[in-house]
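Please keep the 3D view open and find each element as you read.

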Amino acid sequence: MTKELALMRNIGISAHIDSGKTTLSERILFYCNRIHAIHEVHGKDGVGATMDSMDLERERGITIESAATSVSWKNHEINLIDTPGHVDFTIEVERSLRVLDGAILVLCSVGGVQSQSITVDRQMNRYKVPRIAFINKCDRTGANPYRVVDQLREKLFLNAVLMEIPIGLEDHLQGVVDLLRMKAVYFDGPNGEILREEEVPQELMGEALSRREELLDKASAFDDDMMELLLEGEDVPVEMVEKAIRRGTLSLQLCPVFLGSAHKNKGIQPLLDGVVKFLPDPTEVTNRALDMDNNESEVILRSDPAEPTVALAFKLTDGQYGQLTYIRVYQGHIRKGDELVNTRTRRRLRIGRLVKMHASEMEDISEAGCGDIAALFGIDCASGDTFCAPGLNYAMTSSYVPTPVISLAITPKDKKSADNMAKALNRFTKEDPTFQTYVDPESNQTIIKGMGELHLDVYVERMRREYKAEVEVGMPQVAYREAITRRAEFNYTHKKQTGGSGQFARVAGYIEPFTPGPEDEDREYRFVNEVKGGTIPTEFIPSCDKGFRTAMKKGPQLGFPIVGVVCCVNDGAWHPVDSSDMAFQTAALNAFREAFAQAGPAILEPIMKVEVESPSEFQGAIFGSINQRRGIIVSSTEDHSNCTIDAEVPLSEMFGYSTVLRSMSQGKAEFTMELDHYAKAPQSVSEQLKKEYEEKNKGK
Amino acid sequence: MQVNELISNSPIRVFEESINGGLGKGNIGVLASRHGIGKTACLVHIATDKLLQGQHLIHVSFSGNVEHVLNWYKEVFREISQYKSLDDAFAVYNTMRENRVVMNFSQENVSVDRIISSLSTLIRQGAFQADAVLFDGYHLTKATEEDVRKIKAFAQEMNIEVWFSVSPAVQGVGYDEFGVPETMAPLKDLIDVLVGLKYNEEKSKVIMTVVQDHHSRVSHPTGVTLDPRTMLITD
């Protein structure tokens with residue numbers, strides 16, 4: 001069994017949008033004999049790439065949901081996870097990374113390390129995913145893989161090392177030189193499926209030798225024997241170098257770089273060899289779970305099929321046969337008919353049908369072993385749930401979930417749509433934790449929240465297509481926050497005498513801005529009890545805390561949550577008959593509201609880190625557009641005919657920016673954004689927002 | 001300490017006195033030395049002083065790594081704000097950030113015309129009213145007289161101060177007694193202030209000398225040196 005595990009790879013492909021991930025996945029499937037014809041993402045044959053299973057993805061040319069698929073390459077089984085590239089869908093990327101043992105970081109040979117590559121790289125570091133890089137699109141005009149390698153070193157601080165150099169570039173790209181074996185490799189046949197090895201072309205010999213030296217030098221840091229051989233000036237066997245590179249890659253201290261062009265069918269097979277040679281098998285990665293029965297202490301999972309089963313549901317999809325749950329088995333194995341427990345709900349479930357996925361086609365299997373990725377039918381769960389063998393109560397560490405920054409009201413057009421919408425929302429919220437929904441008690445409207453305009457757009461679109469739910473969409477709303485800027489005291493007495501037992505409570509203390517330290521788990525609120533001499537009885541202290549928390553849920557300025565406050569009670573009064581939990585809660589709530597008005601209330605708005613990439617000729621227009629949007633230009637980088645502009649812009653000003661940018665750059669510029677921080681909104685903006693809020697509430 | 005105290009006590013005031021009260025708008029100033037003396041830190045210190053005074057500036061770099069430049073600013077600010085325990089340092093820094101744009105050219109041998117065109121675009125279309133432009137690592141010694149004249153004209157037209165940090169672009173260049181590379185000689189007539197930086201082993205400090213000050217060609221000490229630890233200008 002262990003031998004089999006050594007032949008397994010769970011890998012993901014992640015990259016900046018349009019670096020050609022989907023095309024690369026498509027080629028990998030082709031060379032591994034999983035599909036019989038190659039379709040292009042933007043293809044004319046109307047079939048589209050096999051990995052993009054949704055119509056919508058085909059239309060937009062982007063991969064929204066990761067599709068897991070198994071292929072075999074030279075006796076190894078590779079489970080491949082295609083991940084979305086747009087920043088709005090990062091939760092998908094993060095969730096995929098969680099279940100991967102290794103990854104291919106795809107870069108464009110022209111664009112190099114772009115904003116999304118940086119985000120993805122940061123995520124890979126968080127989950128300690130060993131990676132190899134693939135510099136794609138070496139056939140494009142302006143291709144410069146050497147510059148991309150420099151960027152990997154400078155921008156991502158990766159110890160990147162070229163395994164190959166290109167033979168020709170741009171339209172002259174013919175093949176690659178394998179630096180390890182010093183052979184020129186050409187890709188013949190209509191789809192590049194026939195490999196032809198030749199001597200290294202004379203004109204590339206110099207470059208190849210110096211790059212090879214660099215490769216050996218970097219690899220030798222991971223093998224003392226190899227270092228010795230090198231120092232003695234002797235030849236180093238290829239296997240030894242490969243072992244050293246593997247060691248370096250697994251310890252995240254080395255990043256082997258491959259190159260080619262997926263579109264032109266060049267350089268894919270050596271990349272697959274690289275996956276097999278340098279990325280870890282499931283036993284080489286330490287996976288941890290939390291033991292819920294033992295105070296959530298960390299336990300290390302063992303890739304042993306004999307151990308009790310632990311599996312993670314990392315993705316749900318809705319197919320024609322009902323819900324499909326993608327799982328990764330971390331320990332033990334899953335067989336048809338097994339009974340497992342969902343750690344979150346404590347519900348038992350029985351494994352009915354077990355399948356292996358190939359994009360949208362499937363293959364029935366009877367058992368999924370340790371380290372395997374498979375899919376289950378008819379299991380009711382949410383993504384991120386852990387399944388354990390009965391008797392075990394482990395939870396896989398919860399994935400990091402960012403908070404939504406934008407919301408949108410949606411109203412179904414008719415009764416049928418309303419039902420379908422409910423179904424769709426139920427599904428989407430299960431699939432994607434960054435997509436949230438609730439019914440606004442005041443307007444009675446359904447509100448959806450997410451990570452950006454495009455993120456919500458895609459879900460509205462999916463409701464229409466997949467669930468036939470026609471909805472009207474309101475204006476996007478920014479998730480503001482309310483805060484205080486200075487300390488304010490309170491001393492509030494709540495008294496009510498309406499026959500029978502009355503209500504009495506007095507609370508005194510102060511509120512002040514909260515600067516959380518590293519030890520603070522709650523970064524937004526801290527409750528401090530400084531009551532001395534029992535002026536408030538101990539039993540009512542939690543009531544005060546609760547009252548403050550209620551007050552902070554909805555700020556008086558805009559109705560958004562209040563953040564960053566220390567609430568301290570230091571005095572009060574009570575009555576033996578009339579004081580109650582309720583009375584103290586009410587007193588604390590009103591005391592907070594009173595103090596809040598005195599504490600320099602402010603409105604915080606989300607500030608987005610925006611990166612625009614464009615041909616230099618539109619630089620001026622882009623500067624202007626950022627300036628108009630209350631943005632700060634942090635930097636601008638020019639490189640030949642392209643420029644990259646980094647800016648910080650308030651989210652509220654970014655609505656519709658994609659359209660504006662497209663029209664002013666003839667569709668040649670693109671941008672990405674993500675939440676950077678919250679900052680105090682300027683006076684004029686705050687005033688306007690408050691006015692609108694008051695107008696809206698006038699009628700009520 | 002308040003910001004205005006920090007400004008008035010800054011060693012940069014001493015430095016400015018030594019060059020007749022400062023470089024002045026429309027003029028070109030050059031800090032010249034061999035590699036690795038601390039010109040970048042020195043330039044960023046001058047920039048930070050301007051930012052503290054609420055001025056707007058553009059930092060032009062040629063390294064290809066913007067993050068690196070931003071870190072210099074962070075470091076220099078941290079150094080001076082902590083040393084003088086500046087009040088409300090976080091808010092001050094945020095305002096400074098808003099008034100600074102880093103413009104980076106990663107292409108080798110980018111033309112002066114291209115740089116000037118990008119700067120003008122930022123100032124005009126980006127509505128960024130720059131008071132100063134600082135060039136870090138530009139190979140001024142390789143520039144032609146014509147190039148320097150264009151920069152000077154640009155500085156005058158936009159009414160901005162222009163600072164350069166300069167090291168020789170090629171190896172094997174000689175230096176004068178103040179640390180200025182010989183390759184600077186042909187450009188001396190075109191620039192307004194030239195400051196040489198040279199490491200003095202006895203004092204273990206970098207000595208800054210005014211080699212040329214507006215129209216005067218009489219060299220004299222600046223009254224300030226570079227601290228070899230922080231690379232910042234000190235009294």
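1. Start with a strand pair in chain A. This is a predicted model, and in it S1(A) pairs with strand S4 (residues 102–108) of chain A. The pairing is parallel and covers 5 bridges. To find one spot along it, look for Ser14(A), which stands opposite Leu105(A) in S4(A).

2. Check the two faces in turn. In a regular strand the side chains alternate between the two faces of the sheet. On one side of S1(A) sit Met8(A), Asn10(A), Gly12(A) and Ser14(A), all buried. On the other sit Arg9(A), Ile11(A), Ile13(A) and Ala15(A), and these are buried too. Both faces are therefore covered, as a buried residue has 20 or more other C-beta atoms within 10 Å of its own.

3. Move along chain A to an open sheet. It has 4 strands in the order S7-S8-S9-S10, and the pairing is antiparallel. Which strands lie at the edges? They are strand S7 (164–167) and strand S10 (194–198) of chain A, and each pairs on one side only. Neighbouring strands of the sheet are turned by 30 degrees against each other on average, direction ignored.

4. Within that sheet, take strand S8 (residues 175–178) and strand S9 (residues 183–188) of chain A. They run antiparallel and are joined by 4 bridges. Val177(A) has Ala184(A) in S9(A) as its bridge partner.

5. Now turn to chain B. It has 235 residues, and 43% of them are buried. Chain B holds 7 helices and 9 strands. Take the contacts in chain B with a separation of 6 or more: 72% of them link residues 24 or more positions apart.

6. How do the two chains meet? In numbers, 17 residues of chain A are in contact with 18 residues of chain B. On the chain A side, helix H15 (619–628) and strand S36 (632–639) each supply at least two residues. The largest share comes from S36(A), with 8 residues. By class, this side of chain A has 5 nonpolar, 8 polar and 4 charged residues.

7. Strand pairing crosses from one chain to the other. S36(A) is joined by 4 bridges to strand S3 (residues 100–105) of chain B, and the two run parallel. Thr637(A) stands opposite Asn104(B), and Glu638(A) stands opposite Phe105(B).

8. S3(B) also pairs within chain B. Strand S2 (residues 57–61) of chain B runs parallel to S3(B), with 5 bridges between them. Ser61(B) has Asn104(B) as its bridge partner. Asn104(B) also stands opposite Thr637(A).

9. Last, how many residues of S3(B) are buried? The count is 6 of 6, so S3(B) is largely enclosed by the rest of the structure. Arg100(B), Val102(B) and Asn104(B) are buried on one side. Val101(B), Met103(B) and Phe105(B) are buried on the other.

Technical notes
Residues are numbered from 1 along each chain as its sequence is written. Chains are lettered from A and ligands numbered from 1 in the order in which they are written. This is a predicted model: local features need pLDDT of at least 70, side-chain atom pairs count only at pLDDT 80 or more; totals for chains, interfaces and linings use all residues. A residue is buried if 20 or more other C-beta atoms lie within 10 Å of its own, exposed if 12 or fewer, and partly exposed in between; C-beta atoms are placed from the backbone. Two residues are in contact if their C-beta atoms, placed from the backbone, lie within 7 Å. Two strands pair if DSSP finds at least two bridges between them. Ala, Val, Leu, Ile, Met, Phe, Trp, Tyr, Cys and Pro count as nonpolar, Asp, Glu, Lys and Arg as charged, and the others, Gly among them, as polar. Axes are lines fitted to C-alpha atoms, for helices over the stretch in contact, and angles run from 0 to 180 degrees between N-to-C directions.
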